[in-house]
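Reader: Hey, I'm new to this one. Could you walk me through it?

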Amino acid sequence: MSSTPTSPDGDLGGPLTLRSGLTLPNRLMKSALSEGLAGVDGAPGGRLETLYRRWGTGGYGLLITGNAVVDRRHLSEPGNVVIEDDRHLPALTRWAESYHESGGPIWVQLNHPGRQANRRTGRTRPVAPSAIAARVPGAARPRALTDGEIREIITRFGTAAAVVEAAGFDGVQIHGAHGYLVTQFLSPRSNRRDDAWGGDPGRRRAFLLDVLRAVRAAVAPGFSVGVKLNSADFQRGGFTEEESREVVRALVAEGVDLIEISGGSYEAPAMMGVMAESTRAREAYFLDYARTVRAIAGRTPIAVTGGFRTRAAMERALADRDCDIVGIGRPACLLPDAPRALLEHGRERLEVPAIGVGARRLVGRLTDIRPLDSALNVQWHADQLHRMGAGLDPDPTLAWWRTLPSMVRNGPAALRPRRG
């Protein structure tokens, strides 16, 4: 079945039917935000159910969970949901049901952090396509994966997808952005292999395509499968927009249901809003790139996340056919019913405060304040998710310094701003 737009251009409230047959009731998507609310065993529990029950009343056309990792030895942060097998199937089922009580379609984002694994969560050395460390504070030099280990990770994605389907979720999204393992395979900066998994763009994208095929083979035809993809990693000698467009072409040929566009990595955090002021003024950071893949994508829907704040900009992006779905990230941390506010209550803008480090002159003399601001901003929003997980309302007046204990608990990894 092909993707079928069924509403006038620019209509945020119009439905969209995906190739899988799943119909999204509107064009507003809650993009993945890493919650860090799972138990020590990686199982989702009451806090995630409470948070997702809250989002379930928000009116989202599609909701994508924070990243669930496929290998408990390699977490991107403390509190990741882990899906290696069906040991947590009852808990995963309750998680899906908590959202489905009032909400529509929900997908689980599947991920392996690769070299961006948080070493405070275990004693296993991070792994990557090549033994090249990320240029971020606290990053460890990873161990290069063997061919057998790469194939085992691919199998893990398929296994996790089958468990997600059994739990009652409506789809999965493969995380291929923000410097995690899929991105590490795609980028020539982090993939220096000369075997079947690297050496040229075609071999560098083989890992992602094999993951997609493993997932497809493990689930029923009506189960949706999407990919989150970098437009580029914004580094010299890295993954370029030209290569990204070829990945889009390959994903469309494989029959993917939805491609979400993002960009950057923790070395060059474009996804954190570190963009030129002219780009920020247009609101959507990656809209220009999305426009260039529209013809390549054909009838495969494109979602764009990052920077959207006003209803006018969202509707313009849809009307111009630059994207088919508008992703909402940080606004969902403070306004859990953002779609209802826009579609039913006439809200024109989703306000998100700019959070930064205090004592700026003093701190600025000691270190580059920008990565601190970026990390603090993301952690502050994560703390809002923790409030909702505890049954509380978000607190837009929460002082910046109250987030510092959360950053300290994460150690040097706190300087790698978390994002699903």
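Predicted model: local features only at pLDDT ≥ 70, side-chain atom pairs only at ≥ 80, totals over all residues.

Reader: Which helices do Y52 and W95 lie in?

Author: Y52 belongs to helix α1 (residues 46-56) and W95 to helix α2 (residues 89-100), so the pair ties together parts that are 43 residues apart in sequence. Helices here are DSSP runs of H or I with at least four residues, strands are runs of E with at least two, and they are numbered from the N terminus.

Reader: Are Y52 and W95 buried or exposed?

Author: Both Y52 and W95 are buried. Buried means under 20% relative accessible area, exposed over 50%, and partly exposed in between (1.4 Å probe, protein chains only). There's also a stacked pair, F185 and F207, at 4.2 Å centre to centre with 15° between the planes. F185 lies in helix α4 (residues 181-186) and F207 in helix α6 (residues 206-218), so that pair ties together parts 22 residues apart in sequence. F185 is buried, with a relative accessible area of 1%, and F207 counts as buried at 1% as well.

Reader: Back to W55. What lies over the face of W55?

Author: That's K30, at 4.4 Å from the ring centre. A charge sits over a ring if NZ of Lys or CZ of Arg is within 6 Å of the ring centre and within 35 degrees of the ring normal. Leaving aside neighbours within four places in sequence, W55 is in contact (heavy atoms within 4.5 Å) with residues including K30, Y60, Y99, P336 and M388.

Reader: How many residues does the largest nonpolar core have?

Author: It has 91 residues, and those with the most contacts inside it include W55, L110 and F207. A nonpolar core is a set of buried Ala, Val, Leu, Ile, Met, Phe, Trp, Tyr and Cys residues joined through side-chain atoms within 4.5 Å. A second, separate core of 12 residues includes L16 and L258.

Reader: New topic: why is strand β8 largely enclosed?

Author: Six of the six residues of β8 (residues 106-111) are buried, so the rest of the structure largely encloses that strand. I106, V108 and L110 point one way, while W107, Q109 and N111 point the other.

Reader: Which strand pairs with β8 over four bridges?

Author: Strand β11 (residues 171-176) does, in the parallel sense. Two strands pair if DSSP finds at least two bridges between them. W107 has G171 as its bridge partner in β11. Strand β5 (residues 62-64) also runs parallel to β8, joined by two bridges, and I64 stands opposite W107 there.

Reader: Last one: how many disulfides does the structure hold?

Author: Zero disulfides, meaning pairs of cysteine sulfur atoms within 2.5 Å.

Technical notes. Residues numbered from 1 in each chain as written. Heavy atoms only, no water. Phe/Tyr/Trp six-rings, centres within 6.5 Å; stacked < 30°, edge-to-face > 60°.
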